[in-house]
Amino acid sequence: MIAETVCSAVAAAGLGIAVVTAYRKRYLTATRIAAYALVPLGLVMTGVVQWLADTAFSPVAWAGFGVLGLSWLMFATTRTVERRRGGTRKERKAAREAATPAATAPGASAPALGQAPARGQSPAPRQMPAAQRDDDFSDIEAILKKHGI
């Protein structure tokens, strides 16, 4: 009974503040204040306040919150342990198998790929035949001569 009275008084005070704010030509702010002021009144009218009061003073409800907390703690602990171990046994086995790729195709006698360059080294540049290089430079020379360079 006291909670309903307090919520109604808060709503009335909030609506009074909203009226004063609207009188000062701040309509957007006044509307927002009125919306906030009507929330406690709506909670009282829907019965949420009564339900919360009944729950707050119920030992069974508090025991239920304790069980929920214990359940959450167990989930968090198992997730932490699973992350440290690297997952389930099947997941660890699959990860080990994926980490060692096969270098040769089935039935092949040599690796499919050549030796990779060492870290920090770039692969060797591809060389063009001399005739093709001369063709490229002759085109460039012709363009430069045309422009008088």
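How much accessible surface does the protein chain have, and what share of it belongs to carbon and sulfur atoms? I looked this up at the outset. The accessible surface comes to about 13,300 Å², and carbon and sulfur atoms account for 66% of it. I note that the model is predicted.

**Entry 1: the whole chain**

I listed the secondary structure next. The protein chain has 6 helices and 0 strands, and its pattern along the sequence reads α-α-α-α-α-α. I then checked burial and found that 10% of the 149 residues count as buried. I also looked at contacts between residues at least 6 apart in sequence; 28% of these join residues at least 24 apart.

**Entry 2: helices α1 and α2**

I turned to helix α1, residues 2-23, and helix α2, residues 27-46. Their axes come within 8 Å and cross at roughly 170 degrees. An angle over 145 degrees counts as roughly antiparallel, and α1 and α2 are therefore roughly antiparallel to each other. I recorded the residues that make this contact: α1 contributes E4, C7, S8, V10, A11, G14, L15, I17, A18, T21 and A22, while α2 contributes Y27, T29, A30, I33, A34, A37, L38, P40, L41 and V44. Sorted by kind, the residues of the contact are 16 nonpolar, 4 polar and 1 charged.

I17 has a relative accessibility of 49% and so counts as partly exposed, since exposed means over 50%.

T21 also lies in helix α1. Is T21 buried or exposed? I found a relative accessible area of 11%; the limit for buried is under 20%, so T21 is buried. Leaving aside neighbours within four places in sequence, I found T21 in contact with R26, T29, A30 and I33. Among these, T29, A30 and I33 are also listed for α2 in the contact of the two helices.

I finished with K25, which is found in the loop between α1 and α2. With a relative accessible area of 61%, K25 is exposed.

Key:
Residues are numbered from 1 along each chain as its sequence is written. This is a predicted model: local features need pLDDT of at least 70, side-chain atom pairs count only at pLDDT 80 or more; totals for chains, interfaces and linings use all residues. Side-chain values use heavy atoms; hydrogens and water are left out. Axes are lines fitted to C-alpha atoms, for helices over the stretch in contact, and angles run from 0 to 180 degrees between N-to-C directions. Helices (H or I, at least four residues) and strands (E, at least two) are DSSP runs, numbered from the N terminus. Angles under 35 degrees count as roughly parallel, over 145 as roughly antiparallel, 65 to 115 as roughly perpendicular and the rest as oblique. Contact means heavy atoms within 4.5 Å. Ala, Val, Leu, Ile, Met, Phe, Trp, Tyr, Cys and Pro count as nonpolar, Asp, Glu, Lys and Arg as charged, and the others, Gly among them, as polar. Buried means under 20% relative accessible area, exposed over 50%, partly exposed in between (1.4 Å probe, protein chains only). Accessible areas come from the Shrake-Rupley method with a 1.4 Å probe; for residues, only the protein chains shown count as cover.
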